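Open the structure in your viewer and keep the selection tool at hand. We will go stop by stop, from one residue out to the contact between chains and back again.

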Amino acid sequence: MVNRTAAVLRANIIRNLRIDWKYKLNFITDLAWLAVDVITFLFLGQVVASSDIDNFLYEGFLKEFLVVGVIYWVIFTRAYKDGVSVIPNEAALGALGFIITNDITLSDLIAGQFSSSTIKTSITLCIFVLPIVAILSYIRIGETTILQPLVITLEILILSFLILIISWIFMLGITIVASTLNVIFKKSGPLTFLFSYLLTMLSGYFFPLEVLRTFGLSTLEQVFYLIPTTNMLYSLRSMLIIGTIPLNILFIVIINGIVSIVLFILAMMLMRKITRKAAYSGTLEFY
Amino acid sequence: MTLTSDRKIIVKDVHKYFGKKHVLKGIDFHLPDGENLAIIGPNGSGKTTLLRTLASIYLPDKGSIQIGPYDLVTQTRQARRLLSYVSPNLSFHKKLTLRETLDYFSDLQGVEWRNQQELMDDIDLTRMLDSPIEGFSEGQKAMTRFLIALMKNPKILVLDEITATLDVKKKESIIQYIYELDEQRGLTILLIDHDPSVVDRLCEKLLLLTHDGKVMKYGNTSEIIKQIPYAFDVKVIPHPSVDIQSFVQELGFSHRIMGQMCQFYAKTKNEVDEITTELLNRQEEEILEFSVSGLSMEDVYWHWLLLLGIPIEDRTKRLDFR
C-alpha cells in the first residue's frame, strides 16, 4: 500500500516536473514574482520602520497614501487582467477562426473588454468603495478620524478625472502590448500578470518611492517617475491627500497624454503585425 | 467583375511550414465558379492546414491562392469579405440567449442578423430567440453556427468537419439544409468530411492528399468515388493472441490491416451478412469485437493509394482489395 502510494507520488512528481520543464518561461516568471515581492515588502518595511525619509510628503498619512493607491490601481488592474485574458478566452470558446476570418482586430476585442471592465469597476468604486472611504473619514477613534478626509475641490476633481483618463489610455496600450505575448507564446498568462504587477509596484503603490533614497537609489527613483502611471499616481496623491496641485501639472498631463496616445497607437500596430505573423507561424492555433 | 468570378479558387504551388515541419508541399488546383470541393487525406496529411489556409486563418509561406478576384496574401481583407468559416469548435456563452448571441456576432461582422429572418424560420430558430444557449441541442448549436456564418452573405463557405459531433439524424438534416442553401444561393463550399455520402452529395470536386502533404488526386467526386466498388466496411478487433495476417487470409475478403485491427470491405448488404456470419462463428476464440458501417473517406483514400500504386509508408498498414 505504502509502496503503491510512493510510486504514484513519485510518478506524479516526475511527470509534473517534466511538464514544468517544458514551460521554462514559467520558472523564470515565478522567480521574478518572488524577487518583486521580496523587494516590495522590504521597502514597505523600511517605510514603516524609518521616519527619516527626505522630503516624504505623507508623514502621518500612510493609510491615505495606500488608500489612494488602491483606488487608482483597482480601476486598471481588473481591466488589465480581463484584457490580457481575451485571447485565451476566445480560444477556449473556439472563436479565433471566426475572429480571424472576419478580419476582426484583436486590439478591438481587447479594448472592448478593457472598457467594459473599467465601467464595472468604476460602478463598484462609486457605489461601495468611495462611500466607505467617506464614512471612514467621519468615524473618530480617540482624537482623530480613521482616515483623513480627501481634499476635493472642483479643480482637483477635474485634474483627477483627466489623470484617470490618460492613465486609462496608457494602461490600455500596455494591455494590448502584453496581449501580444499571448499571440506569440503558449501559456504566457503568468508573464503578462507579472508585467502589470511590476508597473503597480514601480508606481509606488505599496511604498513611497522616496524610500529608495535611504538605500542610495535616488537615480532609480527618478527613472521610475518617468513612467506615466508613476508620476500620475504621484500627482493624484499630492492633490487628494495634501491638497497640493503640483506646479508642473499641465506639463505632466500633456506629456503623459501624448505618451499614452502614442503608446496606444503603437500597441495597435504591433498587435496587427504580430497577428499577421501568427497567420504564418500558426501560433494562434497553440490554444 | 462578374458575380461568378467571386467564387473561383485558384491555388498555385502552395507550401506551408510550421517551424521546420513542411506540412503542405506544392498544392495546386483550380476550383471553377460555384463548384464545391472536399479535401480528403489521412491524419497528418495537412488537410486541416490546407482548409485553414484557404480560409485565411493561416497564410501560405510560398505560392499563391486566389479567392475570387483577390490574392489571399496581398488582398487578405477583401478575400475575407467573400468567405465564412464554420467550425464545430465555435461555442457560445451558455448564459446568453440566442438573440444576445446573434447580436454579438452580427455586431462583430458589421451586419444585421434580422435580415436572415427567412433563414431563421427555415431552420426553426425563431422560436428559440429568447432561450439561453445552455438549453440548445447540438443540432441547434450547429444551426446557430451556420446562421452566424451566413449573416454576411458569403460567396464561399469553408466547413471544417462540421458534422463530426452530430448524430446521423442531425447530420442528415444539416447536410440537406446546406444542399438546399447551395442550390438557392450558388455558394462555393470547401469542406473536410469523413462521410462519402456527404462528400458525394455536396461536392463536385475531390482533392486527395498524400500522408506527407502533396496532391495525390484531384478530380470529379463522382468519378473518384465510383471507381471504388465497396459500400460498407466491417471493423474487427481480433484477440491479441490471433495472428492477424493469417486471420484475414483465412476469411478471404477484401481487407485493410491497421496494427492489431482490421477492416473488411463489402460491396453489398449480402456480402456484409457473409462477413458477419463468418465473424460470429469465430467470435468466442478469435474476436474481441466488430462493427459495421458505411465506407468512410479514409477508405476511399486508401483505395486510391493502391490504385495509383503509391507505396504505404506505414508498415503496420496493409491493403488487399480483391
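Start by selecting A:Asp103, in the loop of chain A that runs between helix H5 (96-101) and helix H6 (106-136). Keep in mind that you are looking at a predicted model. Check the backbone here: phi of A:Asp103 is near 60°, a positive value in a residue other than glycine. Is A:Asp103 buried, partly exposed or exposed? Its relative accessibility is 24%, so A:Asp103 counts as partly exposed, since buried would require under 20%.

Across the interface of chain A and chain B, the rule finds 2 salt bridges.

Next, widen the view to the whole contact between the chains. How many residues does each chain bring to it? Chain A gives 20 residues and chain B gives 28 residues. Together they bury about 2,000 Å², and carbon and sulfur atoms account for 55% of that area. Pick out A:Phe98, A:Thr101 and A:Tyr280: these residues supply 31% of the area that chain A buries against chain B, more than any other three residues.

For the polar side of the contact, look for residue pairs in polar contact between chain A and chain B, both at pLDDT 80 or more; the count is 9. Then colour chain A by element. On the side that touches chain B, two or more residues come from each of helix H4 (86-92), H5 and helix H12 (249-281) of chain A. H12(A) provides the largest share of that side, 5 residues. Colouring by class instead, you will find 9 nonpolar, 6 polar and 5 charged residues on the side of chain A that touches chain B.

Hide chain B for a moment and look at chain A by itself. Its secondary structure comes to 12 helices and 2 strands. In what order do they come along the sequence? The pattern reads α-α-α-α-α-α-β-β-α-α-α-α-α-α. Chain A has 287 residues, of which 43% count as buried. Take the contacts in chain A between residues at least 6 apart in sequence: 79% of them join residues at least 24 apart. If you display the accessible surface of chain A, it comes to about 15,100 Å², with 72% belonging to carbon and sulfur atoms.

For a stop inside chain A, select A:Thr229, in helix H11 (residues 228-242). With a relative accessible area of 0%, A:Thr229 is buried. Which residues does A:Thr229 touch, leaving aside those up to four places away in sequence? Show A:Tyr72, A:Trp73, A:Phe170, A:Met171, A:Leu199 and A:Ser203 around it.

Bring chain B back and go to B:Asp13, in strand E1 (residues 9-18) of chain B. Here is another backbone to check: B:Asp13 has a positive phi of about 45° although it is not a glycine. At 31% relative accessibility, B:Asp13 counts as partly exposed.

The last stop is B:Gly68, in the loop of chain B between strand E4 (62-67) and strand E5 (70-71). B:Gly68 is buried, its relative accessible area being 0%. To finish, draw a distance from the C-alpha atom of B:Gly68 to that of B:Asp130: the two residues are 62 residues apart along the chain, and these atoms are separated by 38 Å.

Terms used. Residues numbered from 1 in each chain as written. Chains lettered and ligands numbered in written order. Predicted model: local features only at pLDDT ≥ 70, side-chain atom pairs only at ≥ 80, totals over all residues. Heavy atoms only, no water. Helix = DSSP H or I, 4+ residues; strand = E, 2+ residues; numbered from the N terminus. Buried < 20%, exposed > 50% of the residue type's maximum accessible area, 1.4 Å probe, protein only. Contact = heavy atoms within 4.5 Å. Buried area = accessible area lost by both parts, 1.4 Å probe. Salt bridge = Lys/Arg side-chain N within 4 Å of Asp/Glu carboxyl O. Polar contact = N/O pair within 3.5 Å; in protein donor to acceptor, adjacent residues only side chain to side chain. Nonpolar A, V, L, I, M, F, W, Y, C, P; charged D, E, K, R; others polar. Areas by Shrake-Rupley, 256 points an atom, 1.4 Å probe, with all protein chains shown as cover.
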